[in-house]
Amino acid sequence: MKLINDILQNAAGIATLRRDIHAHPELCFQEERTANLIAKALTEWGIPVHRGLGKTGVVGIVKNGTSNRAVGLRADIDALPMTEHNKFAHASTFPGKMHACGHDGHTAMLLSAAQHLAKHRNFDGTIYLVFQPAEEGGGGAREMIKDGLFQQFPMEAIFGAHNWPGMAAGQFALKSGPVFASSNEFFITLRGKGAHAAMPHLGLDPVPAACQMVQAFQTIITRNKRPIDAGVISVTTIHAGEATNVIPDSCVIEGTVRTFTLETLDLIERRMKQVALSTAEAFELSCEFSFKRNYPPTINHANETEFARELLSELVGPANVQEFEPTMGAEDFSFFLQQIPGCYFLIGNGDGSHRVGGHGMGPCMLHNPSYDFNDELIPLGGSMWVKLAEAWLAKPRA
């Protein structure tokens, strides 16, 4: 493993920053303290800072030489609305808020790289350090783009990484093409006429229609889309009625849809609406159908993925760079990849052996109240970002 010496030497100080961020988690678009900490550190290291993109986003600008080439490195900075179970010294001090996805660690790894880049600047061009808010449902990447990220800071490509519990520290995984799915929600309200449960013929019962509709949605997956195109429809809530002897006058159905392509998503949305409206009509009910598209699929670009694979193989050896099995989870780095080339990959967070005193029960999985980022990754992640940015700016322009 070819780590950078001064990043190793400074890792403890960066870990202290990481634990400070962990102890003071902030939800999407509320990351004021976190953004202030990031901006303060970058400024102290002599890195100019731009603030305000996506409300609380921070962009550090590291320049050297005369080249007009530029590359972007991204870390997300927000926490989740959940209560931490850990009892160690750096556990969350804000009830109901927790860094349960490791964004504090992502921020620390990029700060580690920033500290080194500011001091050594062994490159010709510009490295943009993109500290992005609101990944957890707020679409912070989309908002930074809307506010002019790529107009103000034009870059040839952008790279991002996420820690992955269960994969050994010192290992990476990546893949060209779709790696995370689109994330979408649907909301359906069936309206009929309530009645006494002993006299159902006097009402219009939405519950049998809802049951039939839920079953029919699965035929979209099995009979409408191509079997080789991945797609998931999950009905997650059904709400109807208040008493056992009353037929309700309405029923609400909600859930999510996930796909790896927009074409499959278009098909599923169109067919779901047809099924919902037609089923309601067959039962003489009215139907309100709403479909909300949140995050598009995360689709890595081939050239940038191959570049990252070669760089990571040099860093930790080819045997430690795995092929990533795509997940139906979602990631708003997808918005960046819709605009410019790039690659989003995984860095192993270990098997949980870093979890010593003070951790709650359970594994170190993402979005778990007992999760904690593995600080052993900081020198690896910092070295990774430095070497990736330097190598990108040194290679011939595509």
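Is Asp375 buried or exposed? Asp375 is buried, its relative accessible area being 16%; buried means under 20% relative accessible area, exposed over 50%, and partly exposed in between (1.4 Å probe, protein chains only).

The model is predicted, so that local features need pLDDT of at least 70 and side-chain atom pairs count only at pLDDT 80 or more, while totals for chains, interfaces and linings use all residues. Residues are numbered from 1 along each chain as its sequence is written, and side-chain values use heavy atoms, with hydrogens and water left out.

**Salt bridges**

The structure holds 19 salt bridges, a salt bridge being a side-chain nitrogen of Lys or Arg within 4 Å of a carboxyl oxygen of Asp or Glu. Three of these pairs are set out below.

| Salt bridge | Closest N and O atoms |
|---|---|
| Asp375 and Arg19 | 2.8 Å |
| Asp20 and Arg33 | 3.0 Å |
| Glu44 and Lys40 | 2.6 Å |

Asp375 forms a salt bridge with Arg19. This pair links distant parts of the chain, 356 residues apart: Asp375 is in the loop between strand E16 (342-348) and helix H11 (377-394), and Arg19 is in helix H2 (residues 11-23). Helices (H or I, at least four residues) and strands (E, at least two) are DSSP runs, numbered from the N terminus. Arg19 counts as partly exposed, at 38% relative accessibility.

Asp20 forms a salt bridge with Arg33. Here too distant parts of the chain are linked, with Asp20 in helix H2 and Arg33 in helix H3 (residues 32-44), 13 residues apart. Asp20 is partly exposed at a relative accessible area of 24%, and Arg33 is partly exposed at 33%.

Elsewhere, salt bridges that share partners join Arg18, Arg19, Asp104, Asp372 and Asp375 into one network.

**A buried charge without a partner**

Glu304 is located in helix H9 (residues 302-316). This residue is buried yet has no salt bridge, and the nearest side chain of opposite charge, that of Lys395, is 6.2 Å away. Lys and Arg count as positive and Asp and Glu as negative, whereas His and the chain ends are not counted. Not counting residues up to four places away in sequence, Glu304 touches Ala157, Phe159, Pro341, Gly342, Cys343 and Trp392; contact means heavy atoms within 4.5 Å.

**The sheet**

Eight strands form an open sheet of mixed pairing, in the order E1-E2-E4-E3-E5-E16-E6-E15. Two strands pair if DSSP finds at least two bridges between them. Strand E1 (49-51) and strand E15 (321-323) stand at the edges, each with a single partner strand, so one side of each has no neighbour in the sheet. Strand E6 (residues 172-174) and E15 pair in the parallel sense over three bridges, and Leu174 stands opposite Glu323 in E15.

**Cysteines**

The structure holds zero disulfides, a disulfide being a pair of cysteine sulfur atoms within 2.5 Å. Cys343 is in no disulfide, and the nearest cysteine sulfur, that of Cys101, is 18 Å away. Cys343 is buried at 0% relative accessibility, and Cys101 is buried with a relative accessible area of 7%.
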